[in-house]
Amino acid sequence: MTSDATRRSFLRLATAAALAPTLSACVMDGLATGTVAETQSALDVSPVLLVATTRKPVSGNPPKAPFFGSDRGRGLSFTEARMSAPDRSLIGKVSAVVSGDWGVRSVGEVTTGAAAASAFAQATFGRDVLIYVHGYRESFESAAVSAARLSDGVRFAGASALFTWPSAAATFDYGYDRESALWSRDAFQDLLKAFASSPSGGRIHIVAHSMGTLLTLETLRMLRAEAGEAAVARIGAVVLAAPDIDIDLFTNGVERLGPDAKRITVISATNDRALEISGAIAGGIVRAGAADRERLEALGVRVADASDYGGGLFNHDLFLTNKDVQGVVKRAIARGSNGG
């Protein structure tokens, strides 16, 4: 009988072979061969999540649980969320099946207005930053938990951050969510500009999911159009996971980025059921995250087709639930950190 270790080795080799055609440019630098070291995440050591948001605080300053709601605030706000890390013991792993893993323990003082973007840049202390931009139907807390799971899952060594916009966190509020995401473009642009202009900043990596990819792509397009290549020089990896974007709109956005499109890695799945539903709501146009790999690659972006790594009902959040897909994110960040 094949041992567990042999099966895991075979799975790693099969994964590398499956992703090699889509990430062929990485093969020469070793990033597609699993050579990125496994280390403890910085968030696990110090569970503080930097939060930039366009949501309105629920009440008070610092706000109390649930901290931020679905209403739109007055532009950009910044705060720090102290997270509760999962119990790494065997008992903790068993109980996590019932009680969950990461959680939001508390939120600090909220800085709002022109000072918010600068406060975010200062809080990074010159470190590289991983910003998670959530998708449709997410509360503040669920988005913060996903940000923590992402950063910890890829063992990110820098500062972990969340850009959270006013999602209604409700199934039938797709239209409100989409408008809220687009409304948040200026605030996200201000945040990226402040980080880029900070003399002590490192690189900023962005992982956006679902509808959050529309906000991210539009913001990057605006940023480059306004300030040119210099404005995006500090941006490393841009990972668009299951992008819920009309393929024609996606094409236009990527083309406007010009050579900066090479920073983008798309995680797609032709069997993403959530994107099938959103495509039907949006008039039947295929979503970028469900498009064929060849169509996406023709735009000059890197593509990891995760169609074969699902197994769930929707296959929409594989970057959080599947270790092989998380490996794609990790390699993209390593490549972006090296300027590749």
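## The second largest pocket

The second largest pocket has a lining of 23 residues, and those nearest its centre are Tyr136, Arg137, Ala274, Phe314 and His316. A pocket here is an open set of points on a 1 Å grid over the protein atoms alone, with protein on both sides within 12 Å along at least five of seven lines, and lining residues have an atom within 4 Å of a point. The space in this pocket is about 530 Å³, where a volume is the space filled by probe spheres set on the points, joined across faces, edges and corners.

Helices α6 and α11 (273-281) each supply at least two residues of this lining, and α11 gives the most, with five. The lining of the second largest pocket holds 10 nonpolar, eight polar and five charged residues. Nonpolar covers Ala, Val, Leu, Ile, Met, Phe, Trp, Tyr, Cys and Pro, charged covers Asp, Glu, Lys and Arg, and the others, Gly among them, are polar.

## Model and overall make-up

This is a predicted model, in which local features need pLDDT of at least 70 and side-chain atom pairs count only at pLDDT 80 or more, while totals for chains, interfaces and linings use all residues. Residues are numbered from 1 along each chain as its sequence is written, and side-chain values use heavy atoms, with hydrogens and water left out.

The protein has 14 helices and 10 strands, taken as DSSP runs (H or I, at least four residues, for helices; E, at least two, for strands) numbered from the N terminus. Of its 340 residues, 51% are buried, that is, under 20% relative accessible area with a 1.4 Å probe, protein chains only.

## Helix α6

Helix α6 spans residues 140-153. From first C-alpha to last, its 14 residues reach 20 Å, close to the 20 Å expected at 1.5 Å a residue; the expected span is 1.5 Å times one less than the number of residues. In α6, 11 of the 14 residues are buried, among them Phe140, Val145, Leu150 and Asp152. Arginine 155, which follows α6, has a positive phi, near 55°.

## Cavities

Three cavities of 30 Å³ or more are found in the whole structure; a cavity is a set of points where a 1.4 Å probe fits but cannot get out. Strand β9 (264-268) and helix α13 (318-321) each supply at least two of the lining residues.

The second largest cavity has about 60 Å³ of space. Its lining consists of Leu220, Val232, Ile235, Val238, Leu257, Asp260, Arg263 and Ile264, which divide into six nonpolar, no polar and two charged residues.

Key
Buried < 20%, exposed > 50% of the residue type's maximum accessible area, 1.4 Å probe, protein only.
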